Amino acid sequence: MLSLFVPSIRKIVIVQGASADNDGEQSHAFEPLLLDFFSDFNKLVERKIDQLILTKVGLIGISDIKDSLEIIVSNAVKDAPNSHLFLGKPVDGVDSKYSSSILSSIDHQRTLESSYIRVLQQLFSSNLNILNEFQSDSIAANSPEYGFGYLLKSDNIREKLVENAKSLLDLTSFKDIPAADATNLVKLLSKWIDFNSSSKNSNEESNETSTAIFNIFKTYPECKSIKTFLEISADIEDYLFKSNWLIGSDAWSYDVGNSGVHQVLSSKKNVNMLIIDSETSSTRKRNKSFSKKNIGLYAMNFHTVYVASVAVYSSYTQLLTSLLEASKFDGPSVVIAYLPYETEKYNPVDILKETKIAVNSGYWPLYRYDPSIEDDEEAFKLDSSVIRKELQDFLDRENKLTLLTKKEPGIETTVEQSVSDAIAKKLELRNKAALDQLLNGLSGPPLHIYYASDGGNASSLASRLASRATSRSLKATSLSMDTIVIDELSGEENVVFITSTAGQGEFPQDGKAFWQELKMAGQADLSNLRFSVFGLGDSKYWPRKEDSRYFNKPSKDLFSKLQSLGADPFVPLGLGDDQDDNGYETAYSIWEQQLWVELGVDKIEVADEPRELTAEDIKLQSNFLRGTLAADLVNEETGNITNENTQIAKFHGLYMQDDRDIRSTRKEQGLEPLYAFMARVRTPHGTASPEQWLLLDKLSDETGNGTIKLTNRATFQLHGVLKKDIKHTIRSMNSLLMDTLAGSGDVNRDVMISAIPENKKVHDQLVSIGKQISEYFLPKTTAYHEIWLHGVDERDDDPTWPAIYENRKEGPRKKKTMVSGNALVDVEPIYSPVYLPRKFKVNIAAPPYNDVDVWSSDVGLISIINQETQEIEGFNLLAGGGMGTTHNNIKTWPDTGKMLGFVTPNNVIKAIESVLIFQRDNGDRTNRKHARLRYTIDTVGFENFKNIVEERLDFNFKPPRDYAIDSNVDKFGWVKDETGLNHFTTFIENGRVLDAPGMNQKTGLREIAKYMQLKKCGEFRLTGNQHIIISKIQDNYLPELKELLKQFQLDNLQLSGLKLSSSSCVGFPTCGLAMAESERFFPIVVTEIEETLEDFGLRHDSVVLRISGCGNGCSRPWLAEVALVGKAPNVYNIMLGGGYHGNRLNKLYRSNVKDKDICGILKPLFKQWALERYEAEHFGDFLIRKDIIKETTEGKHFHDNVAQEAY
């Protein structure tokens, strides 16, 4: 082969196809083609070939071939080329023999529907038998009758084998084989017969018996009696016990008789059907005329069929339970599985949203029906809270609905609402408003105010306007635009519309239906209507000139449409702008005055209205964080709490949220949003015992949403806790010394420390100082103990809980302070009764690791460690970091902490206290967007700030000590500390611990906690990157733990460098501030970017990517090399150039990018990086060196030097 090359060639690159990147497995075996070149080494020397480079390629698209060749050549000419370069996407082997054939038997999208198949494989593994798995093109694989015919044939063979076995249960039948084997065979055959007569046996045990029998058959095939078995069947598959399944789509539902479904259900055979229904509720409404049968109800009417209705994207646990119950049921079973999608473009997030809407509206109820259970109360189990009319009718007929409602009083029934019903509901609300007018005895002209509001600003403004109108004797009403009846609008005389702007110039949720109706109103005559519109928007939110139309678009469109229908604008359109000095109030005050003039009430003297409560008022009036929270918690009329108590609850570590995916669905049902708390645990040590983990796991299932959230501040959150359950949840946590006090609020929040698993001595010191700081700055109010922990509660799991609370030395204060006059009062010596202007955070890093993003917090402590003694000698103290900002508002910016200097461990709390008190006394208490420490420092100047801080101390900061940071990502896998204890860092995507098809991490961590509890070993340690460390494990326990990690896919670390380095915030559906998807978007966009990186040989290169659903920056996106920050649904800003070590802010690269375009924008940048980077040069550093993005040297310059093309 060398003879084919010209003599001048010195380097040879061999490009070879490969199914996987062996580099990821540290396997570098010589390949056959490479061995051919080395077969005559002397010729290589003679030709002066100095390098042979092997490059492997996986799947590469045609459009990427040129790019890949460029990277191969670029690698070859480097001084130190990568000798194991892999380009393209690895081709993974199939997991089991069923995968491809199973998926080909389903007519719909493979990647989406495979989630159900994976669950079946996971539950039944080798015992799974897909009956309609056919390879022949001549057989209609997705019809159940063929698979059923196959089952009947197998059953016929099995019956013959059983009868044969029964006739040969005598040792004399096997006299021609050794006596010991004959005795064993008879015993095995007897057991095998028993297994065949029972549906309750374990497949594992029964198949061990079957295999043992067949092995004896193979050993003695000439035995006369054994021959009788082998003549019936010589295939071991006919002796084994399987879980038999027919898998199909909802196409079977349109002709139940001809599709074979009826034959299967009426057969009384032990066979299971999994029917995947992909029709969305909206599609079903459009296609009502089609005769689609409800197979679940059809099957239940047989009274001999197990039936379950499941949805993997709603309740994974219920799905597992249903499949196991179906498999154990003696007779036919049918599991109808929901997977809604209209087009192949649907991604898992779209399906999740559709599923939640369907389940919560009652379109797709979750239930299980087992007719073998004689107790009617137990035979039918409803696993969701809303049912459809047709299911309600069946249950009524079977007299089961009454039993259900006795057991579950919260069950709601729903029927499709007619247009007249909807109008009647609207009129009811309007009539109530009219009655309120009458009762108030107002005599002036009417003023109807309608609002559309997502964040609450528009609704608050409407309420305020109505109050002011009433004080001027106008008959004012304030209602949501959802209540408007178009036909009634023309008779309302004076109408004002107030709307905020959502997304890309869209109406808020409670205005969308009205706007659609109005657009379709045709030639409606509104000539009698006098109206005006005021809009709330942000002129810089969409900064590109071509996007300026989005500014206040709903109000502009509404004003124009009403004019086109003949309505008379008695006050010009008002456009509020957040960029004005006083925000939207600047334009609003002018518009409101015009309104009073036109209505003739501008001269009326009115009393001064009460000043609107601010956050500072709420804190001051809260009586040291009590408010009326205790009374609000027992108010059963709503799942919500008041706005004032919502603010107070944050200090108790609680956020009131609602499920935004189903807001509109619940509104259509006449229900309030599904309100629930998020509870955040205070863990300044970043650790949890096995007992604490098991408690959180239990609470997540009993009172939460079934998941545990590991946060990027190294603590725990439980989501979805209803108001009725929150007190029990908090008391439960405190029973194991986990409180939530100061988990949020305007105080020092939870302290975060480096996880550093390989250094026990340093970590122990960090735990100690972290706990000291947290306890010192913990609010001293007794409100937490009084509201949550005082006395006995009927739901306590153990009567000793109150004693545990009382005897705890640390944590929430239990007793008030005695002052002069022997009065017992609450005292806040550090905070004062108004606490801080905004939140305050402390992070502690342990170089060379910055896994806590030490530059991101109000106070950052960089540990200075003596390398010989491993003692922490002190800290370099940073101040003024913070992440929150508002899109395109140049008055807000993120920032990194600035160096104050070195401080010893003995003085570090004093130093933090001085910084905190400076912020308490000087922070902006009038504008919360300008209230964080970084803005206060900017106002007074850094040197003045430092002087003020040092004036309160009896020492000055010393010059900072030298240190080195080389990473802010976690080290995954096993490490051993200096004492010999082992620690395993496992990857948890975005910190969401849950069970999902093919990834049962929640169950796995529960089993690990149980093992640790049993062996009295180890603990869990949390990282600031939302991962978890199985920590402090002795060598003798490693084999069992490694097996558990493997069993539950917790040891899968063969992930890309991008995925291991990236994270996101929670975002939709629970975060009320989110503007776009984040956590649910993460796996979609990361997979797309991974494929691009693989094409350029960058799979193992670490790139820090952060995704945030809004500008508040909970995922610390502003420090990432690449950040995607949500601006509207499916729209993001791309930020580039952050420091890999978390020490430099990024900058805007492209604004308003559609989610589908993100990867295309990043692709050429990754290619350029692959071709032109220096050795070990990180992506963010490369972008700045090549002047692709300007370096952000200081937070106040965050908005400067942004390229014009970014907009």
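**Group meeting: strands, an open sheet and cavities**

Hi everyone. The chain in this predicted model comes to 41 helices and 42 strands, taken as DSSP runs (H or I, at least four residues, for helices; E, at least two, for strands) and numbered from the N terminus. Residues are numbered from 1 along each chain as its sequence is written, and side-chain values use heavy atoms, leaving out hydrogens and water. As the model is predicted, local features need pLDDT of at least 70 and side-chain atom pairs count only at pLDDT 80 or more, while totals for chains, interfaces and linings use all residues.

Of the 1207 residues, 55% count as buried, that is, under 20% relative accessible area with a 1.4 Å probe, protein chains only.

Let's start with β8, residues 333-338, where 6 of 6 residues are buried. Ser333, Val335 and Ala337 point one way, Val334, Ile336 and Tyr338 the other, and all are buried.

Now over to an open sheet of 5 strands, in the order β38-β39-β40-β41-β42, with mixed pairing. β38 (1063-1064) and β42 (1147-1154) each have a single partner strand, so one side of each is left without a neighbour in the sheet. Further in, β39 (residues 1105-1108) and β40 (residues 1122-1128) run parallel over 4 bridges, and Leu1105 has Val1122 as its bridge partner. Helix α39 (residues 1082-1095) lies across β38, β39 and β40, at about 150° to β39; the angle is between N-to-C directions, from 0 to 180 degrees, of lines fitted to C-alpha atoms, for helices over the stretch in contact, with contact meaning heavy atoms within 4.5 Å.

Finally, the cavities. A search of the whole structure finds 3 of 30 Å³ or more. A cavity is a set of points on a 1 Å grid, over the protein atoms alone, where a 1.4 Å probe fits but cannot get out; lining residues have an atom within 4 Å of a point. The largest holds about 110 Å³, and its 13 lining residues include Ile756, Pro757, Asp851, Asp970 and Lys971, which lie nearest its centre.

Thanks, everyone!

Definitions and conventions:
Pairing = 2+ DSSP bridges. 1 Å grid on protein atoms, 1.4 Å probe; cavity = no way out; pocket = protein on both sides within 12 Å on 5 of 7 lines; lining within 4 Å. Points joined across faces, edges and corners; volume = space filled by probe spheres on them. Buried < 20%, exposed > 50% of the residue type's maximum accessible area, 1.4 Å probe, protein only.
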